[in-house]
Structures are given as structure tokens and as C-alpha cells.
Amino acid sequence: MGRTLQNTMINLGLQNACDEAVYQLGLDMEELEEIEEDAGLGNGGLGRLAACFLDSMATLGLAAYGYGIRYEYGIFNQKIRDGWQVEEADDWLRHGNPWEKARPEYMLPVHFYGRVEHSATGAKWIDTQVVLALPYDTPVPGYMNNTVNTMRLWSARAPNDFNLRDFNVGDYIQAVLDRNLAENISRVLYPNDNFFEGKELRLKQEYFVVAATLQDIIRRFKASKFGSTDTVRTVFDSFPDQVAIQLNDTHPAMAIPELMRIFVDIEKLPWDKAWDLTKRTFAYTNHTVLPEALERWPVDLVEKLLPRHLQIIYEINQRHLDHIASLFPNDVDRLRRMSLIEEGSTKRINMAHLCIVGSHAVNGVAKIHSEIVKTQVFEDFAELEPEKFQNKTNGITPRRWLLLCNPGLAELIAEKIGEDYVRDLSQLTKLHEFVDDDLFIREVAKVKQENKVKFALYLEKEYKVKINPSSMFDVHVKRIHEYKRQLMNCLHIITMYNRIRRDPAKLFVPRTVIIGGKAAPGYHMAKMIIKLINAVAQVVNNDPMVGSKLKVIFLENYRVSLAEKVIPATDLSEQISTAGTEASGTGNMKFMLNGALTIGTMDGANVEMAEEAGEENLFIFGMRVEDVTELDRKGYNAQLYYDRLPELKQAVDQIKSGFFSPKEPNLFNDVINMLFHHDRFKVFADYEAYVKCQEKVSELYLNSKAWTKMVIRNIAAAGKFSSDRTIKEYARDIWHVQPSDLKIPAPNEPRDTAQDKTPNGTAA
């Protein structure tokens, strides 16, 4: 979620008033804002997307709730020591959190372990261990519409009789200390992005948020007029018409068997009725195609922790496979491929398959990704129910990612096209009229330059390096992962360095290359990549032959509040994943909206950015998905590229020989070995096209006016990438609710005079 103060002021239309009031108290608002901690309760783009979606849902007047876990420790703070990443606990609640309100009156029990008893009345889950879920509510204000939604985060609490109810031998002290075991559930966020770690505590977290949330939803449903008992219908007949639940990846997949358990075991609905309601309630968003990221929980673990849920999953699977067998008799391989249970040395539950079978809609997050989901990853399921599969291209909130972080540009745009674009970003197309307006071109360039100077001052303060603010700010910020190919950027840096040293007199377009992002603590290769970047920076930044032509900075502890500083100052946005690996990306959209140009592959939302702006207004290079597939078919041989490209060979040899690590010449052996022998993401195959494309970037940067005109064309084409548009599509195609642009009356306005402004009693 990042910080809340400035976003709240903007959405409430109070920023100027607050700035002024605080100034009159002799304080500086910006200084105050810097004191607030980021709420970092998720990993990378998946967590940030949820935050943008909450902002858009409130702005669109949807009655929507965001549910999650109130981690005591969020994503770790990253320190760089001697070029290595070191993790520190993110004690973000140390000074309290003024935005949250504990709601003990809505505390709910969550059950674990135990056993299942079958009787004539049905299944009973008994002898369980109970953990209490205590909700904390954070307000989510819409933009200037007097709507405030709720984000409800659950914290784990031990019941007061924890470990004391069993005829305990009397170790009262130990029993109280053991309360920590229950409360550890909400202690810390697992810091993996695009990687599955099948730990028991993680499964507990996933079930904890699901069980508490479903009880909360059902309580609210029963309390509403729609849940009131009707003699003709079951109480729950209208449930899917009143409740839509969107599964943000497979992490909350246990919601499917849990809702079935509630309907069948507790509410005593027949299976078929329960299953119909469940399917119509859930929809699933897939966020990755990397096999190592797909959740596959061991059956033994689920059986121990959630025995009833395992039985329900088996029953769902049996009926699912019976259905497929009836459509495709004797096709045992299809049954194996489509089963929710994977046989093998350890039997596992494929959570993505569970989500697909248990949902009425499945979507990817960019056109190309949704195609890959349909034709490759889940092709058997798409063949069975093609109408179930959709695309919903991701977006970003223009409130945080333009108004808040780049007020200079936001104001400049408002002067030209009015202020309405903030709620309807498609209006940015009106900027096309000004692409040849010399004054506007100069003003756009001036705002960028001011943002760069401000960020350069920040870098000099934090990193004690002198930055040339007229150099091109070339920025690559995102989680560190092999598929995102920070290594390819690193090879380009070394290549630029070698070119400067080879011919110091030759014209070189000065660059400040900024790379930032966190590596999962257990991801060895990602940590080596960080060390390599820092080792290269050490050499480049201290070579007098290079001077101010090239600087390399690794941005420590990349997070939302730091993104808000670096993105408005960026000239060139690096979006260079191997085609077919980045589901969407959202940083790409933030840079586009903030006046950076993109160098990127035809991957994720880059494809649609090029479609919107015209491919000639992005720097697109490298293999397309088809080329990658073809190269896999032929077999990728890294050695071929190394032998054919002298500059690549030189860069690789320098890393290998210890040029960047003279005290430990073998330090980067693992990286080199990976690049030659098991590089799934084919860095060498795109190196040549990347370097050539970078030369085009430098050439255009020399012509400031032509560069800025291209920037304006990009901003004018960024409208599609508002999360408001994304959420309207979810609302229309999946949730079947109507967004409302009506401003509800302010609390101080009499209700009757504003009556005609409110929509007719629709509930969702």
C-alpha cells in the first residue's frame, strides 16, 4: 500500500488546505510525509496491483472490500553491505499505525488440525485447534466522491484458554508463552515473488485469511435484507448475486473448499446446490506462467492441517474427472493432465486447477498473457470451457502514480485538457493536439528536468555520488529475478564502459544507470546478480577515464515511496523480460504515464503499450514469443553467441576473470556457469539486439525536441492503463455490478437535498 497520508489528502481534495495549515504551524508537509513508514504487506507487482485496485474500486463507487493479513513484519528492509543484499525485519508498526482501527467486536475463530467424523447428519470437523482472527480496518477513500471503502486485515490471536483448557499439568507460564505459536500466523510476510515455497506456516496463513474472510462475508450477507429467510427459496439462493469473490492468484484458493464446507457441513445444502453457488461466487486471476511459481501443496500437509478440506477437494476432483471421462472416454492422459491431484513421489494438489474448476471466470492480466494461459498453460481447460477464459489488462491508479508523485506534470496536463482526466484517463488522447506545440514541448522537458534535479539531489544525499542531471536516467527497478534479466542490463553497462575506454574521445551520450529491487532471501542467483551490479558500479564509478559519462547506482530498499521519487525522474524505462515470461508488468505503465520512454521486449503489457502509442514510439527489440518457442525447439546454445559477438565475449570474460572482483576472481562463477549452461531466459540470445536498440535510444536522446515529442505521444497513449478501466471491465464482465460516478453527499450535507444523487438501493 505504501504511505497513506498524501494519498488521503489528494482523494479528499484537502492537499492544498493541509499544506497551508501545516506551513502556518511552521512545519514542512513534505518533511512530515517522509516520516511515515510504507505499508509493505505484499510482494512486487501482485501486492501493488491490489492496492491500485482498491483505489479504483472506491473511486468508481463499488461496494468492495480488500481482505488480507495484517503482518507484523512486512516485506524486509534491504540493506546493501559491501555490495551484498542484507535483510532487516520491517518493524513497520513500531510507532503504531494511525490509519487502522481494531475491530474486536468482529473477531472470528479459525480452526486447524483435528479430525473428521462422519455420521448420518453429515461430516463433522472436530478436535481442532482454534486461532482467533482479529480484524483491523483501514479506510480506502475514493477520489473526490465522498466514498470510503474498507480494507480489512486479519491479525492472529490465541484464545485466552489456549493450552490451558487441556488438563494441563499446571505449567501455566509455559502455556501463556506458547500463545506465540498461534499468533505467529500473522507475524511475517513470505518474501518470495514468483516462487512457491511449500511451508506449513504459509499454508496456515493462506487458510487463515480465507476462513476469517468467508465467515465475515457470510455474516454480512445474512444480516442484509437479501439474506433474510424466504419461505420459497433457500437462504443462500441469492448469494452469488450479492457476493463476488475475486481470487488474486492461487494464494486464497482454499476459499473454494472452505465455502463448500460451510454450505455442505454447516448450512446442510446438497452438494450440487453448494457447488453451483460456489462456482458462481468465485473468479480467478492468474498472475504468472512460471512453473516454479505455481502452488502445488503436498497432500500429506493438507491432510494434517485441514483434513476436511482435503476430503472436499478429493470429491471436487472425482466429479470433475467423471465429467471429463464422459466427454473424452479412454483419454487417461487427459485425465492425468487435468486432475487437481498430481501423482508422483509426493502427491500434490494443483491449486491453479482447483481455482479454474471452482470459478465461473478465469483471466490473465495482459492480452499476450491471457493467450498463453489459454493456449499453453491451461489449454485442456480452455478447450473444455472456452467462454470461462478472459483477459483483463492490468492498470495503475493515476491518483498515486501521477497526481501524487508528479504534481508538476499533472498540473501541466490539466492546463491543456482540464482536470477531468484524473477520473477518465482516456482523455489523455487530447494531448495529441499539442505534440507539435513548441511551448508545451519545452514545458514537458522542463518538468522532467526539475524532477531529475530533485532526484539527483536525493541520490547525492543518500549515496554520496555526484550525478550529472543532464545525463540520461536509465532506470531498471522491479524485483530481482532471472526472467526480468537485470543481467542483460548489466552486460550492456559493461559494454558501454568498454566502449568509453576503447575510444575516450568519441562522443558518448552520458547515462546514469539506476537499478533497484529486492531479491527473495533464499534466491542465490538473484543475490549474486545484485552483488555483480554493485561490483560493476564500483569499477565504473571510480574510473577517471569514464568521469561523468557513465554512472551506475544500485537503489537500496526499493519500495512504493522510493518508486514515487524515481519514476517521475526517469528518461528510459527498462522492461526487458524474455518474451512470454512477464504476465503484464505495471511499472512499465507508471513510467509511460510519467514521461519516460520504454526499451522493452514484446512481453506482457509492453505489447499493448506499443499498440496504443505506435511501435515506432517505443524501443522494441529482441525475440518475440514465437522466436523463443522456436529457439527452444532447436535448442538454445549460449556458446554460439559468445563466439560470434566480440563485445559480449569481452564483457563475459571480464566477469569471469575477476576484473570486477580482483580479490575474488571466481566470485561470479555461478553466474557465468548459469549463462552458458542453464539460462532459461536466454540473455545472450537478445544481447545483440538490445545493445543495438540502446544505440538508437542514445541517438534520439541527443535530439531533445524529438525525444520530448515521443514522450508526449507516450503520455497521450497511456490512458488505457488506468486501473479504473481495468476495474470497470471486471465489474462488467465478471462481477456484474454497475460502477457509479455519483458523488455521494458529504457528511455535513443534509441527506434529503442530496437524495436524487444516490443510486437506487443496489447492493453488491
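Predicted model: local features only at pLDDT ≥ 70, side-chain atom pairs only at ≥ 80, totals over all residues.

Reply:

Residues are numbered from 1 along each chain as its sequence is written, and side-chain values use heavy atoms, with hydrogens and water left out.

Back to the cysteines. A disulfide is a covalent bond between the sulfur atoms of two cysteines. Here the test is a pair of cysteine sulfur atoms within 2.5 Å, and the structure holds zero disulfides. For Cys-18, the closest cysteine sulfur belongs to Cys-405 and is 19 Å away, which is too far for a bond. Cys-693 is buried, with a relative accessible area of 6%.

Now to the helices. Helices (H or I, at least four residues) and strands (E, at least two) are DSSP runs numbered from the N terminus. Their axes are lines fitted to C-alpha atoms, for helices over the stretch in contact, and the angles run from 0 to 180 degrees between N-to-C directions.

Helix 7 (residues 200-223) packs against helix 9 at an angle of about 45°, and the two axes are 10 Å apart. That angle makes helix 7 oblique to helix 9; the cut-offs are under 35 degrees for roughly parallel, over 145 for roughly antiparallel, 65 to 115 for roughly perpendicular, and oblique for the rest. Their crossing is right-handed, a label for a near helix turned clockwise from the far one by less than a right angle, with anticlockwise called left-handed. Contact means heavy atoms within 4.5 Å. On the helix 7 side, Tyr-207, Val-210, Ala-211, Leu-214 and Ile-218 meet Ala-255, Glu-258, Leu-259, Arg-261 and Ile-262 of helix 9. By class, that contact has eight nonpolar, no polar and two charged residues; Ala, Val, Leu, Ile, Met, Phe, Trp, Tyr, Cys and Pro count as nonpolar, Asp, Glu, Lys and Arg as charged, and the others, Gly among them, as polar.

Helix 9 (residues 255-266) also has helix 10 (residues 271-281) as a partner: their axes come within 9 Å and cross at roughly 140°. Helix 9 is therefore oblique to helix 10, and this crossing is right-handed. From helix 9, Ile-256, Leu-259, Met-260, Phe-263 and Val-264 meet Trp-271, Ala-274, Trp-275, Leu-277, Thr-278 and Thr-281 in helix 10. The residues of this contact are nine nonpolar, two polar and no charged.

Gly-408, Leu-409, Leu-412 and Lys-416 of helix 18 make the contact with Phe-440, Glu-443, Val-444 and Val-447 of helix 19. Here the classes are five nonpolar, one polar and two charged.

Two buried residues inside helices are worth a visit. Thr-59 sits in helix 4 (residues 44-59) and is buried, with a relative accessible area of 2%. Apart from neighbours within four places in sequence, Thr-59 is in contact with Gly-142, Tyr-143, Asn-145, Arg-399, Arg-423 and Ser-740. His-320 belongs to helix 12 (residues 307-327) and is buried too, at a relative accessible area of 9%. With neighbours within four places set aside, His-320 is in contact with Met-338, Leu-340, Val-357 and Phe-381. His-320 and Met-338 are 18 residues apart in sequence and 8.9 Å apart in space, C-alpha to C-alpha.

Finally, two backbone details. Asp-127 is not a glycine, yet has a positive phi of about 55°. Asp-127 lies in the loop between strand 7 (122-126) and strand 8 (129-141) and is exposed, with a relative accessible area of 55%. His-736, also not a glycine, has a positive phi of about 55°. His-736 lies in the segment after helix 31 (723-735) and is exposed, with a relative accessible area of 61%.

How values were computed:
Buried < 20%, exposed > 50% of the residue type's maximum accessible area, 1.4 Å probe, protein only.
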